[in-house]
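Please read them with the structure open beside you.

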Amino acid sequence: MEQVNPKFWDMRVSPYDRKVADFLRKRRGEQTYRDFAPKLGMSSSGLHRLENLEQSITLAKLHALAQRLRTTVEEIFGWKTTDEKP
């Protein structure tokens, strides 16, 4: 496995950031950043930065975002869940 210089680690885009950006873009649809951002509890500039991979989302913000959109983190990341009953 290739060694990554820690100095440059923060310059890489996480696949999770891409998933969040794609999910937000899809959910926003034709709405403007200004119209959609309040539904997420964030500023339009913050939404723009997330969608354009200029900023990473925190776990707390991801959880809040999922709640506001009435979805799950699994759905945001495109993970399938099983419907197992205890």
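1. Overall make-up. This is a predicted model, and every remark that follows should be read with that in mind. The secondary structure of the chain consists of six helices and zero strands, so that reading along the sequence gives the pattern α-α-α-α-α-α. Of the 86 residues in the chain, 26% are buried, and the accessible surface comes to about 6900 Å², with 52% of that area belonging to carbon and sulfur atoms. Among the contacts between residues at least 6 apart in sequence, 47% join residues at least 24 apart.

2. Helix α2, geometry and ends. With 14 residues, α2 reaches 20 Å from its first C-alpha to its last, which is close to the 20 Å expected at 1.5 Å a residue. At the start of this helix, a side-chain oxygen of serine 14 comes to within 3.0 Å of the backbone nitrogen of tyrosine 16, while just after the helix, glycine 29 adopts a positive phi of about 60°.

3. Which residues of α2 are buried? They are Asp17, Val20, Ala21, Phe23, Leu24 and Arg28, and because they fall within an arc of 165° when seen down the axis, they line one face of the helix. The cover over these buried residues includes α3, α4, α5 and α6, whereas the face turned away from the buried side carries Pro15 and Lys26, both of them exposed.

4. Helix α5. In this helix, which spans residues 59-68, Leu62, Leu65 and Ala66 are buried; they cover an arc of only 100° around the axis and therefore sit on the same side of α5. Those buried residues pack against α2 (15-28), α3 (33-40) and α6 (73-77), and on the other side of α5 one finds Ala60 and Gln67 exposed. The helix is followed by arginine 70, which has a positive phi, near 55°.

5. The nonpolar core. The largest nonpolar core has 16 residues, and those with the most contacts inside it are Val20, Leu24, Leu40, Met42, Leu47, Leu65 and Ile76. The elements giving two or more residues to this core are α2, α3, α4, α5 and α6.

6. Glutamate 51. This residue, found in helix α4 (residues 44-51), deserves a separate look. Is glutamate 51 buried or exposed? With a relative accessible area of 2%, glutamate 51 falls under the 20% limit and therefore counts as buried.

Definitions and conventions: Residues are numbered from 1 along each chain as its sequence is written. This is a predicted model: local features need pLDDT of at least 70, side-chain atom pairs count only at pLDDT 80 or more; totals for chains, interfaces and linings use all residues. Side-chain values use heavy atoms; hydrogens and water are left out. Helices (H or I, at least four residues) and strands (E, at least two) are DSSP runs, numbered from the N terminus. Buried means under 20% relative accessible area, exposed over 50%, partly exposed in between (1.4 Å probe, protein chains only). Contact means heavy atoms within 4.5 Å. Accessible areas come from the Shrake-Rupley method with a 1.4 Å probe; for residues, only the protein chains shown count as cover. The arc is that of the directions from the helix axis to the C-beta atoms. The expected span of a helix is 1.5 Å times one less than its number of residues. A polar contact is a pair of N or O atoms within 3.5 Å; within protein, one must be able to donate a hydrogen and the other to accept it, and residues adjacent in sequence count only if both atoms are side-chain atoms. A nonpolar core is a set of buried Ala, Val, Leu, Ile, Met, Phe, Trp, Tyr and Cys residues joined through side-chain atoms within 4.5 Å.
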